[in-house]
Amino acid sequence: MRLAFVDDDYCEIKKLTTMIDKELQGTVYSNCKRQLFDNGETFLSVWKPGMYDIVFLDIFMDQLTGVDVARQIRKTDASVKIIFCTTSNEFASESYCVDASFYLVKPFSQNMVHTMVQKLINVDSRLSLFITLPNDRKLYLRDIIYGEYINHKIFIHTKSHNDISFRMSFGNFLELISPFSFLISCCKGIIVNLYEVINKENNCFILSDNSTIPISRRKIKEINNVYANFIFEKMKDKMLNDEAN
């Protein structure tokens, strides 16, 4: 999981990252990647859609506020989770306009961080799904961006940047992941995680790591149907989750 923290108060962010690390111990995200930015301008200068899974934004910063940054994010990325961090509830209404997932009030407390983690991460049991590889290593399926078959080996590219490879036929690998509909083979020798698709254009998937994966012409109709159903189910899950909260 990739986290970005945008806040001009370094001490507060260090406290927050320590609290988050405590909550993530023993989970698939215990070694998540994170970057710290001390202002919104610096963050936006490097930010790209799909670059992070969660962005923590301080609302009160010099020049661009956290709400300003969130509005820029939402122009091109509707799926990244946004968490506002602030000393006041004054901007709570603005947080709904940019579909913020949570509102952390400073000074941070471990209980509040625990609640946030439960809502954003542990609430989805699919995040803990895994398969066991030939070397008995666990491969968490939601950590996969895409996989490719090269020279009799499967190469898995992951969000945690712990890319792995193992010897297995592509057919056997497809059979292993067949129960999980969000992992699909869109062309010969390649599988993609639909959760990591940020765009579909010119018969290609654009993934969260900026990889471009082609869709086979003979599979285009099938893949279009699968992807449309995936998007529909994802939207339905989000609506049900919003209603529950």
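Reader: To begin with one of these residues, does E12 count as buried, partly exposed or exposed, and at what relative accessibility?

Author: E12 counts as buried, because its relative accessibility is 12%, where buried means under 20% relative accessible area, exposed means over 50%, and partly exposed lies in between, with a 1.4 Å probe and protein chains only. This is a predicted model, in which local features need pLDDT of at least 70 and side-chain atom pairs count only at pLDDT 80 or more, while totals for chains, interfaces and linings use all residues. Residues are numbered from 1 along each chain as its sequence is written, and side-chain values use heavy atoms, with hydrogens and water left out.

The side chain of E12 meets that of K15 in a salt bridge at 3.6 Å, N to O, the term being used for a side-chain nitrogen of Lys or Arg within 4 Å of a carboxyl oxygen of Asp or Glu. Because K15 and E12 are three residues apart in helix α1, about one helical turn separates them; helices (H or I, at least four residues) and strands (E, at least two) are DSSP runs, numbered from the N terminus.

Side chains of opposite charge can pair when their charged atoms come close. In the structure there are eight salt bridges, and K106 takes part in the next two pairs described here. With D7, the side chain of K106 forms a salt bridge at 2.8 Å, N to O. This pair links distant parts of the chain, since K106 lies in the loop between β5 (102-105) and α5 (110-122) and D7 in the loop between β1 (2-6) and α1 (10-24), 99 residues apart. K106 counts as buried, at 12% relative accessibility, and D7 likewise counts as buried, at 5%.

With D58, the side chain of K106 forms a salt bridge at 3.5 Å, N to O. Here too the pair links distant parts of the chain, with D58 in strand β3 (residues 54-58) and K106 in the loop between β5 and α5, 48 residues apart. Both D58 and K106 are buried.

Finally, salt bridges also connect R2, D53, K159 and E196 into a network.
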